[in-house]
Amino acid sequence: MAFEVPLTGAFAANGLNQKNGFELGLDTFGREVDGHPIEVRYIDTKGDPATALTSARQIVQEGVTVFQGPLVSSESAAVTPYLAQQKVPVDDLTLCSEVQLDSWQKNGNGYSSGWSCDHPALMAAQWAYEDMGWRNITIAAQDFSFGWEVAGGFKAAFESLGGTVDQAIWVPLNATDVSSYVSQISQDTDAVYAEMSGVFAVRFIDAYKSYGLTGAIPLVGITQLTDQSVLPQLNRDAALGVMTGAQYCDGIDTPENEEFVAAYKEKFDLYPGYYSDAGYVKAQIMVEALKSLDGDYSDPEAIAEALQSVNIEAPRGPVEISDKTHSPVQNVYICEVQEIDGDLRNVPIKTFESVPPEGPLEYEEWEAHFRHDSAGRPE
């Protein structure tokens with residue numbers, strides 16, 4: 001099998017976490033099925049769509065049973081049409097683009113075992129309106145497709161319930177200082193919803209405290225805002241109490257997650273983040289799917305169907321694949337950064353169980369938002 005993942009470049013830390021999770025998954029669920037060893041070839045995409053497509057063409061020509069990845073949404077958009085044309089079974093990290101949705105619905109060869117990019121945002125909006133009673137929200141997001149999709153999902157769900165988005169603040173990807181954007185946040189807003197990841201998450205949370213907003217205006221965001229891929233780098237006082245809508249939190253209190261966290265911590269001396277869980281689940285689903293084929297891996301369509309038919313109990317909770325979106329029906333959590341035994345952890349304070357990809361929206365309403373916002377800023 002082939003696994004495209006960025007191991008150098010801007011997304012290298014995320015890629016390494018996903019690879020680590022996948023390797024731990026193979027250790028846990030098996031590196032051999034029906035006498036066939038699972039041989040993994042990792043391809044470094046460097047986070048570049050052109051590299052991802054060139055590498056995919058090369059390895060598919062050499063022969064591949066299952067294709068894992070890519071990690072970056074722009075890479076997936078580049079690779080998806082080629083893999084569909086070649087009828088290669090593929091498990092993407094995310095469903096983030098109209099290209100993926102159209103291709104998977106038409107061809108059936110691909111799916112995401114990880115998440116739809118707006119899924120946690122949809123439920124965070126419902127929680128913000130119904131549980132917290134917030135009616136006016138400021139959105140801050142990175143000005144690219146993932147930011148549009150996440151912010152658009154929150155906006156669509158929040159407004160459908162009767163809420164108002166006071167302002168949308170868009171941070172360009174070449175910004176080296178986010179202070180000028182944080183300074184635009186109105187003191188009158190009920191809360192801020194932020195899509196920030198990587199170094200942007202670190203800078204945003206630091207600036208939030210510097211401008212006196214920490215503890216004054218609640219901050220909630222997408223998974224990556226406080227995921228363990230950035231949490232150790234965050235200012236402790238600024239991070240405590242920050243909340244996220246997330247498909248995975250390292251503090252989920254279930255036997256499956258406690259076992260996963262303990263094994264990951266022992267092997268890598270780190271707490272797992274969402275990328276780690278995503279890799280682990282990829283391995284879990286793949287091994288279960290291959291077992292169901294009784295050693296016959298000759299039919300790509302049968303492999304793709306087997307992959308999408310697996311229902312598992314993962315560290316993040318129960319996971320099954322929607323036949324509409326080809327992405328997970330799974331739990332969504334509202335998590336809060338808390339200090340546990342001296343460490344910063346993401347602890348669930350609310351669980352939405354077995355949520356379909358469209359969340360609280362009607363499917364047609366969700367699809368219209370998804371198609372629009374994956375290509376441009378939400379209106």
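This is a predicted model: local features need pLDDT of at least 70, side-chain atom pairs count only at pLDDT 80 or more; totals for chains, interfaces and linings use all residues.
1. The largest pocket. Its volume is about 640 Å³. The lining consists of 28 residues, and those closest to the centre are Phe11, Asn14, Ser197, Gly198 and Tyr275. Several elements give two or more residues each to this lining: helix H1 (12-29), helix H3 (73-85), strand E6 (90-95), H6, helix H8 (199-210) and helix H11 (274-291). Sorted by class, the lining holds 17 nonpolar and eleven polar residues, with no charged residues.

2. The second largest pocket. Here the volume is about 310 Å³. Of the 18 lining residues, Gln228, Leu231, Pro232, Leu270 and Tyr271 lie nearest the centre. At least two residues of the lining come from each of H1, helix H10 (255-268) and strand E16 (343-355). H1 supplies the largest share, three residues. Eight of the lining residues are nonpolar, six are polar and four are charged.

3. The cavity. Searching the whole structure gives one cavity of 30 Å³ or more.

4. Helices H1 and H11. The two helices pack with their axes 6 Å apart, at an angle of about 40°. H1 and H11 are therefore oblique to each other, and their crossing is right-handed. On the H1 side the contact is made by Asn14, Asn17, Gln18, Gly21, Phe22, Leu24, Gly25, Leu26, Thr28 and Phe29. On the H11 side the residues are Tyr275, Ser276, Ala278, Gly279, Tyr280, Lys282, Ala283, Gln284, Met286, Val287 and Lys291. By class, the contact of H1 with H11 has ten nonpolar, nine polar and two charged residues. Asn14 and Tyr275 take part in this contact and are also among the residues closest to the centre of the largest pocket.

5. Helices H2 and H3. Helix H2 (residues 49-62) and H3 have axes that come within 8 Å and cross at roughly 30°. The pair is therefore roughly parallel, an angle under 35 degrees being counted that way. H2 and H3 cross in a right-handed sense. From H2, the contact residues are Pro49, Ala52, Leu53, Ala56, Arg57, Val60 and Gln61. H3 contributes Ser74, Glu75, Ala78, Val79, Tyr82 and Leu83. The contact of H2 with H3 comprises nine nonpolar, two polar and two charged residues.

6. Helices H6 and H13. Helix H6 (residues 145-160) packs against helix H13 (residues 363-373) at an angle of about 150°, and the axes are 9 Å apart. This angle makes H6 roughly antiparallel to H13, since the term applies to angles over 145 degrees. The crossing of H6 and H13 is right-handed. Ser145, Trp148, Glu149, Gly152, Gly153, Ala156 and Ser160 of H6 meet Glu365, His369, Phe370 and Asp373 of H13. Those residues divide into three nonpolar, five polar and three charged. H6 is also one of the elements that give two or more residues to the lining of the largest pocket.

7. A cis peptide bond. The bond from Gly69 to Pro70 is cis, and its omega is near 5°. Pro70 sits in the loop between strand E5 (67-68) and H3. H3 is the helix that packs with H2 in point 5.

8. A positive phi. Asp269 is not a glycine, yet its phi is positive, at about 55°. This residue lies in the loop between H10 and H11.

Terms used: Residues are numbered from 1 along each chain as its sequence is written. Side-chain values use heavy atoms; hydrogens and water are left out. Axes are lines fitted to C-alpha atoms, for helices over the stretch in contact, and angles run from 0 to 180 degrees between N-to-C directions. Helices (H or I, at least four residues) and strands (E, at least two) are DSSP runs, numbered from the N terminus. Angles under 35 degrees count as roughly parallel, over 145 as roughly antiparallel, 65 to 115 as roughly perpendicular and the rest as oblique. A crossing is left-handed if the near helix is turned anticlockwise from the far one by less than a right angle, and right-handed if clockwise. Contact means heavy atoms within 4.5 Å. Ala, Val, Leu, Ile, Met, Phe, Trp, Tyr, Cys and Pro count as nonpolar, Asp, Glu, Lys and Arg as charged, and the others, Gly among them, as polar. On a 1 Å grid over the protein atoms alone, a cavity is a set of points where a 1.4 Å probe fits but cannot get out, and a pocket is an open set with protein on both sides within 12 Å along at least five of seven lines; lining residues have an atom within 4 Å of a point. Grid points are joined across faces, edges and corners, and a volume is the space filled by probe spheres set on the points.
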